[in-house]
Amino acid sequence: MRIIITQNVTLDGRVEMLDDWFDPQAQDDELLAEVRSQTTREQLLLLGRQTFEDFRSYWPGKTDDTTGISAQMDKVDKWVFSSTMTDPQWENSRVMSTDPRLVVAGLRDQPGLDAILTGSITLAHELITAGLVDEYRMFTYPVWQGRGRGFFPDGHRQPPLTLLDSKAFGNGVVYSAYTPAGEVPTSL
C-alpha cells in the first residue's frame, strides 16, 4: 500500500489555513475531476483528531454537495489517530491510539491501493520525518499567506524529490505530485 500525503497549499508552502483561501466546494470542473480520479485508488484515509473532527462536522450526509466528496468521505475507511477520542461517531471510522509511525510502517507492507493523509499537519509531519511517505501531492493555490505551518516540518531536510505529475487548472491552482528521488512508485 502506498502512503500519500495530499495537501492544499499556498504559494509560500503553507498548509495551515489561517485565512479563507480554500473552499472545498468551490472547485472548477477540471480540478474536481482530478480529485475524483485520485479517490478511485483511495482505500484508506488517515487523519489526525482535529482534521477528523473538522471533516466530521462538515461532510457527513451533506445533501447540497454537488462535488461527490461528501459521499466519498462517508464511504471510505477512515483511521483517526488520537489518544483522547474513543467513539468517532462517523461511519467507516476507526480510532487508532497506537503510534502512527508503527501503524503506517505496517501499512506499507500490505497489498492494496492508497492510504491518503490530508490536512492533519502534525500527523503528516510525523510521517514525513519518519520517512514513511511514498508520494507527496500538492494543490497549490495562488495565494500568499505569509504565516502558518508548512507542507514540510520547519527545519526538516527533505531529500530531493522526483516530479511524477503536474497540471495547471483554469482557476490558477497547480497540482504537482512528487516521490522521494530514486524511489519508483510501486503502482500508479
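Q: Why is Lys-167 called partly exposed?
A: The label rests on relative accessible area: buried means under 20%, exposed over 50%, partly exposed in between (1.4 Å probe, protein chains only). Lys-167 has 31% relative accessibility, so it counts as partly exposed. The model is predicted, so local features need pLDDT of at least 70 and side-chain atom pairs 80 or more, while totals for chains, interfaces and linings use all residues. Residues are numbered from 1 along each chain as its sequence is written, and side-chain values use heavy atoms, leaving out hydrogens and water.

Q: What makes Lys-167 and Asp-165 a salt bridge?
A: A salt bridge needs a side-chain nitrogen of Lys or Arg within 4 Å of a carboxyl oxygen of Asp or Glu. The side chains of Lys-167 and Asp-165 meet at 3.6 Å, N to O. That is within the limit. Asp-165 has a relative accessible area of 26%, so it is partly exposed.

Q: Which residues do salt bridges that share partners join into one network?
A: They are Arg-2, Arg-41, Asp-114, Glu-135 and Arg-137.

Q: How do you know that Glu-34 and Lys-167 form a salt bridge?
A: Their side chains meet at 2.4 Å, N to O. The pair links distant parts of the chain, 133 residues apart. Glu-34 sits in helix α1, and Lys-167 in strand β7. Helices (H or I, at least four residues) and strands (E, at least two) are DSSP runs, numbered from the N terminus.

Q: Is Glu-34 called buried or exposed, and why?
A: Buried. Its relative accessibility is 8%, so Glu-34 counts as buried.

Q: What makes Asp-19 and Arg-147 a salt bridge?
A: The distance is 3.0 Å, N to O, between their side chains. This pair too links distant parts of the chain, 128 residues apart. Asp-19 is in the loop between β1 and α1 (29-39). Arg-147 is in the loop between β6 and β7 (161-168). Asp-19 is at 33% relative accessibility, so it counts as partly exposed. Arg-147 is at 40%, so it also counts as partly exposed. The structure holds 12 salt bridges.

Q: How do you know that Leu-18 touches Arg-147?
A: Contact means heavy atoms within 4.5 Å. Leaving aside neighbours within four places in sequence, Leu-18 is in contact with Gln-145, Arg-147 and Gly-148. The C-alpha atoms of Leu-18 and Arg-147 are 7.9 Å apart, though 129 residues separate them along the chain. Leu-18 lies in the loop between β1 and α1. Its relative accessible area is 39%, so Leu-18 is partly exposed.

Q: Why is Ser-93 called buried?
A: Its relative accessible area is 17%, so Ser-93 is buried. Ser-93 lies in strand β4 (residues 93-96). Not counting residues up to four places away in sequence, it touches Phe-52, Lys-78 and Pro-88.

Q: Which backbone oxygen lies 3.0 Å from a polar atom of the Ser-93 side chain?
A: That of Trp-90.

Q: What are the buried residues of helix α5 (residues 121-129)?
A: They are Ile-121, Leu-123, Ala-124, His-125, Leu-127 and Ile-128. They pack against β1 (2-10), β2 (42-48), β3 (77-81), α4 (100-108), β5 (114-118) and β6 (135-141). After α5 comes Gly-131, whose phi is positive, near 70°.

Q: Why is Ala-181 called partly exposed?
A: Its relative accessible area is 41%, so Ala-181 is partly exposed. Ala-181 is in the segment after β8 (174-180). Neighbours within four places in sequence aside, Ala-181 is in contact with Pro-160, Leu-161 and Thr-162. Its C-alpha atom is 20 Å from that of Glu-126.

Definitions and conventions
A polar contact is a pair of N or O atoms within 3.5 Å; within protein, one must be able to donate a hydrogen and the other to accept it, and residues adjacent in sequence count only if both atoms are side-chain atoms.
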